[in-house]
Amino acid sequence: MSANIGFEEKLWAMADKLRGSMDASEYKHVVLGLLFLKYVSDSFEELYEQLQDEEWADPEDKDEYLAENIFWVPKEARWSYIKENAKKPEIGQIIDEAMIAIEKENESLRGVLPKNFARPDLDKTRLGETIDMFSFRVGDKESRSKDVLGRVYEYFLGKFASAEGKGGGEFYTPMSVVKLLVEMLEPYKGRVYDPCCGSGGMFVQSEKFVEEHQGKLGDIAVYGQESNPTTWKLAKMNLAIRGIDANLGSQNADTFHNDLHKRLKADYILANPPFNISDWGGERLQDDLRWKYGTPPPGNANYAWLQHMVSKLAPTGTAGIVLANGSMSTNTSSELEIRKKLIEEDLVECIVTLPGQLFYSTQIPVCLWFITKNKAKNGKRERSGEILFIDARNLGHMATRTLKEFSQEDIQKVATTYHAWRGTNDETYEDIAGFCKAAKLEEVREHDYILTPGRYVGLEEAEDDGEPFDEKMERLTTELAEQFKESKKLEDQIREALGGIGYEV
């Protein structure tokens, strides 16, 4: 699926124009709240129309919608009604009442939807224009399959982050990166956890994966936490829309300072923590029990995230974590010490470097860390004392001028290699120069515990074209001589032309 839906940029330009003097963090609530309302209304109205065409069905029967995991939307909350009233001065009140009505009818949304559209400082003319702007579909079956809501949200969040001066530190993980993590971890059954769950994309993909592999959706239990209140609400909405029963805690909370799942031991952890955050309050957590392998520096949370996730793993659990590339080679004393201990304890299973330009809102190149408590028991191949390195920087295609995506083939190439190394598929694992290498701990020690795959996988072997060396050299030197001759001819012509207008070179 192409990254470019085509209307994100246009939509943002319109939305930003309508924002006027309102603060971006305030406006975010307005736009994302309306987007959600449009989403539930689209999915409701699509089924409503189908039921109207069925002889024995009643389109106003709430149970018909619950059976399909679609929210029941009362008449006064349907988009058609809101759009009809968009130009009225009381439109703010109408939307607040719509949000209240939806929450009242749908238990899983209690306390989640924004209800402050009637406030005096929100320009009602602009609000009406924003409603008109959302004329496209986001919640019908086709849009859901393309995750249009997630994609628009991803684009908007990146734009809001930059408008709020956060430099894109908090964002939605691109779908192809989430898919890669999910295909590698294969969360079929057990507890799935994300300590910084954003809008819930990891959970959505995990459920899709189970569905696609004919598993039972109820076989996985979902646990998450998110510190940003708006994003936490959006995750609640996002999962509720899809009928995913998730424990995201009773409110938003900071994972480091208020862990809402203290006793949890997860079978799978999928996470994309904000990169390199410096203001995570590390100085207040110097003696935390999670820092088993060393105290992370207060100026960078990367190694705090890693250790938090290690502390949450079940005895045979595995974590897949997106981190900035610096995490693989940083040599600040505390981070190097932690990395050394993680490696020596045989917790690091696999490292994958990804190409740049995968994210809307940051150009920081990233990598995937896979960490496990017990290599001997989470695969059929004996891998103790071994780390798999995969260099995936040459994979992916430019989906737009600025954005790269993985194809399903790219995802399969990396995932199949990982599973062959683990012994969990029918393939036989082999090192491939320039792409993958299973390195022993001894080799990692020789590289001073640096985990950059490029150091281990070597250079890709050039394809042998079968031409004997002597013949190839003769051919190439002849071609080069011809090119030199042509170059000299051009140089003489340029000199002559310049001389003709009075310039000697």
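Let's start with a pair of helices, α12 (residues 302–312) and α13 (residues 333–344), which pack at an angle of about 30° with their axes 11 Å apart. Helices here are DSSP runs of H or I with at least four residues, strands are E runs of at least two, and both are numbered from the N terminus. The axes are lines fitted to C-alpha atoms, for helices over the stretch in contact, and angles run from 0 to 180 degrees between N-to-C directions. α12 and α13 are therefore roughly parallel to each other; that label covers angles under 35 degrees, with over 145 counting as roughly antiparallel, 65 to 115 as roughly perpendicular and the rest as oblique.

Which residues make the contact? On the α12 side they are Y303, L306, Q307 and V310, and on the α13 side E335, I338, R339 and L342. Contact means heavy atoms within 4.5 Å. An α-helix has 3.6 residues a turn, so residues three or four places apart point the same way. Sorted by type, the residues of this α12 and α13 contact come out as 5 nonpolar, 1 polar and 2 charged. In this sorting Ala, Val, Leu, Ile, Met, Phe, Trp, Tyr, Cys and Pro are nonpolar, Asp, Glu, Lys and Arg are charged, and the others, Gly among them, are polar.

A word on what you're looking at: this is a predicted model, where local features need pLDDT of at least 70 and side-chain atom pairs count only at pLDDT 80 or more, while totals for chains, interfaces and linings use all residues. Residues are numbered from 1 along each chain as its sequence is written, and side-chain values use heavy atoms, with hydrogens and water left out.

Staying with α12, 10 of its 11 residues are buried, so the helix is largely enclosed by the rest of the structure. Buried means under 20% relative accessible area, exposed means over 50%, and partly exposed is in between (1.4 Å probe, protein chains only). The buried residues include W305, H308 and K312. What do the buried residues of α12 pack against? Their neighbours are β1 (190–194), β4, β5 (313–324), α13 and β7.

Now zoom out to the chain. There are 17 helices and 11 strands, and 52% of the 505 residues count as buried. Take the contacts between residues at least 6 apart in sequence: 72% of them join residues at least 24 apart. The accessible surface comes to about 23900 Å², of which 49% belongs to carbon and sulfur atoms; these areas come from the Shrake-Rupley method with a 1.4 Å probe, and for residues only the protein chains shown count as cover.

Next stop is helix α9 (residues 175–185), which is mostly covered, with 10 of its 11 residues buried. Among the buried ones are M175, S176, E183 and L185. The axes of α9 and helix α10 (residues 201–212) come within 9 Å and cross at roughly 55°. That makes α9 oblique to α10, and this crossing is right-handed. From α9 the contact uses M175, V178, K179, L181, V182 and E183, and from α10 it uses G201, M202, Q205, S206 and F209. By type, the contact of α9 with α10 divides into 6 nonpolar, 3 polar and 2 charged residues.

Leaving aside residues up to four places away in sequence, K179 touches Q205, Q408 and I411.

Finally, some backbone details. Most residues other than glycine have a negative phi, and most peptide bonds are trans. Just after α9, E186 takes a positive phi of about 50°. N276, not a glycine, also has a positive phi of about 50°; N276 sits in the loop between β4 (266–271) and α12 and is partly exposed, at 32% relative accessible area. D448 has a positive phi near 55°, lies in the loop between α15 (441–446) and α16 (454–457), and is exposed at 53%.

Notes. Left-handed = near helix turned anticlockwise from the far one by under 90°.
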